Each structure stands twice: as structure tokens, then as C-alpha cells.
Amino acid sequence: MKILILGDICGPSGIKIVKSKLQDLKKEKKIDFTIANGENAAENGKGITKKNFKELIDAGVDVITTGNHVWDQKEILEIIDKEKKLIRPANLLEGQPGNGYGIYKIKNKKIAVINLIGNVFMKKSQDLFSFTEKILKNIILKKDADFIVVDLHGEITSEKMALGHYLDGKVTSVVGTHTHVPTSDTKILKKGTAYQTDIGMCGDYDSVIGMNKENSIKKFKKDPTAKSHFPAKGKATISGVVVDADDNTGLANSINSIFFGNNFK
């Protein structure tokens, strides 16, 4: 099973490159299942709209994960309970709408996708490790799902790395999202779980984590003419990973980073 996982889709440029390049990428890499984090897909880079959701699904994304901006576009509340292909962090505080994970069928196999959010420097949420342990009592690899992919939307590298090692051998893959900067630690952990601390973003990299660079500099300089952050709208780059998962064990045979578009190959 070849699983493509895309980093945060950031603003109009991120949407555009996914719509124009994803199908070709899936054919080239022989992808069976595609996951993308869509929490920055909106026009202003915060949240995801109903239109964005449809655009990404129509482009070939099978499941859309989110993060700390999941509720920024209020219209998403109209669909998040019924659209099973859109999930939000499972360990948000209790009582919030939507689902934090789902199990999807592909090629007579079942793939579970779990969306989590970190506890450090993020919005208040339920304890990451104890909550994840509870989930994995209900979704056991090769019993309840043939493959399990975890998207940890988190700020700090140590928290993501700790969860990766904690889940090693229990899930197919753990990847980090949120920082919009791809890390160069793509690897298979000792017990067979594919891992990368952050898989970057799909957006304009001539920017400050996807936001307009001139305006971002003004913000840091406390320039009174600075506006609220808004996405850079130049040519985009796709960033993510391809995980080749073993049909027999559910663990990873390989993981390879993808970074192409704009001036990157």
C-alpha cells in the first residue's frame, strides 16, 4: 500500500498546485491513498471552507486532516459532522463536533487515519499521550485496521519525536504538521513505523511559513502599517511523504520525502 501524506495546504497557491499536480503525482508514484492537512487552505490561510474541502476531494485527496485553525472558518461546522473525509484533532477538549479519526476502505484493506494536536504551545486540549493510548486500544494494527497513519499537528519537535517513538511498532506512520517547514529526519523507526517530524507545507515557499514575507517582516519590526498575516500567492511547492506500507505487517517498508514545484525538483 502506497500512502501519500501532504503537509499543510496553505492558501490559494497551495490549493492551486494540489488541483493541478496531484493526479499526475499519484500516477507517477503509484499512490493508493492520499491524506492532506487542509487547516490553512482558506483564502486568508486560516481554516478550511466548504469550497476548499470540495476542491481538495475533487483533486484526489481521500482524507483531510486539520489542526489549531479548524474552527476559524465557521461554515465548516455545517459539514464536519457528516463529511467523514474531514477530521479534526481527536484530543480537542470534549464536546466539540466532528470526528478525530476514521477508518477507510481501499483495495479491500482498511486504513485508519488519526488526527492529533500537541499540548505544548498550542490551544488547550486533552493530554496527547494518554488520549492516544485510549484510541489505540480501539484501533489495533492488523486487527481493526490494516494500516494506521497519525498526523500530529504540533509546535515543538521533541513532542512529535516522543510520540513517534511511543507509537513505534503500533502504527504505520507518524508525521508532524503545523510548522510549515519540512525536516530532514525522514526515517523508519526501530520497530517499523515511518516517521518525519514535520512534512512541511503545500504553498509558496518564497514566504514566511506561507505568509507574505514583506508583511511578516513588518510584523516582526512592529511596523504600524503591517496588516494581519495573509498568504503569499506566488508559485507553490508540494511537500509531503510517500509511505510504502507492508500489506502483511501494516508497518512501513520505506518512507520518502517529496518536495517539488516552483524552483524545487
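**View 1: Phe121, out in a loop.** Phe121 sits in the loop that runs between β6 and α3 (helices, H or I, have at least four residues and strands, E, at least two; both are DSSP runs numbered from the N terminus). What you're looking at is a predicted model, where local features need pLDDT of at least 70 and side-chain atom pairs pLDDT 80 or more, while totals for chains, interfaces and linings use all residues. Residues are numbered from 1 along each chain as its sequence is written, and side-chain values use heavy atoms, leaving out hydrogens and water. Is Phe121 buried or exposed? Phe121 is exposed, with a relative accessible area of 67% (buried is under 20%, exposed over 50%, partly exposed in between, with a 1.4 Å probe and protein chains only). Check its backbone too: the phi of Phe121 is near 60°, a positive value even though this residue isn't a glycine.

**View 2: Ser125, tucked into that loop.** Stay in the loop between β6 (109-117) and α3 (128-138), and you'll find Ser125. With a relative accessible area of 13%, Ser125 counts as buried. Which residues does Ser125 touch, leaving aside those up to four places away in sequence? They are Asn91, Leu92, Leu93, Ile117, Gly118 and Asn119 (a contact means heavy atoms within 4.5 Å). With Asn119 there's also a polar contact, side chain to side chain, at 3.1 Å (N or O atoms within 3.5 Å, one able to donate a hydrogen and the other to accept it; neighbours in sequence count only if both atoms are side-chain atoms).

**View 3: His178, in another stretch of the chain.** Look for His178 in the loop between β8 (173-177) and β9 (187-188). His178 is buried, and its relative accessible area is 14%. Its phi is positive, about 110°, although His178 is not a glycine.

**View 4: Stepping back to the whole chain.** How much of the chain is buried? Of its 265 residues, 55% count as buried.
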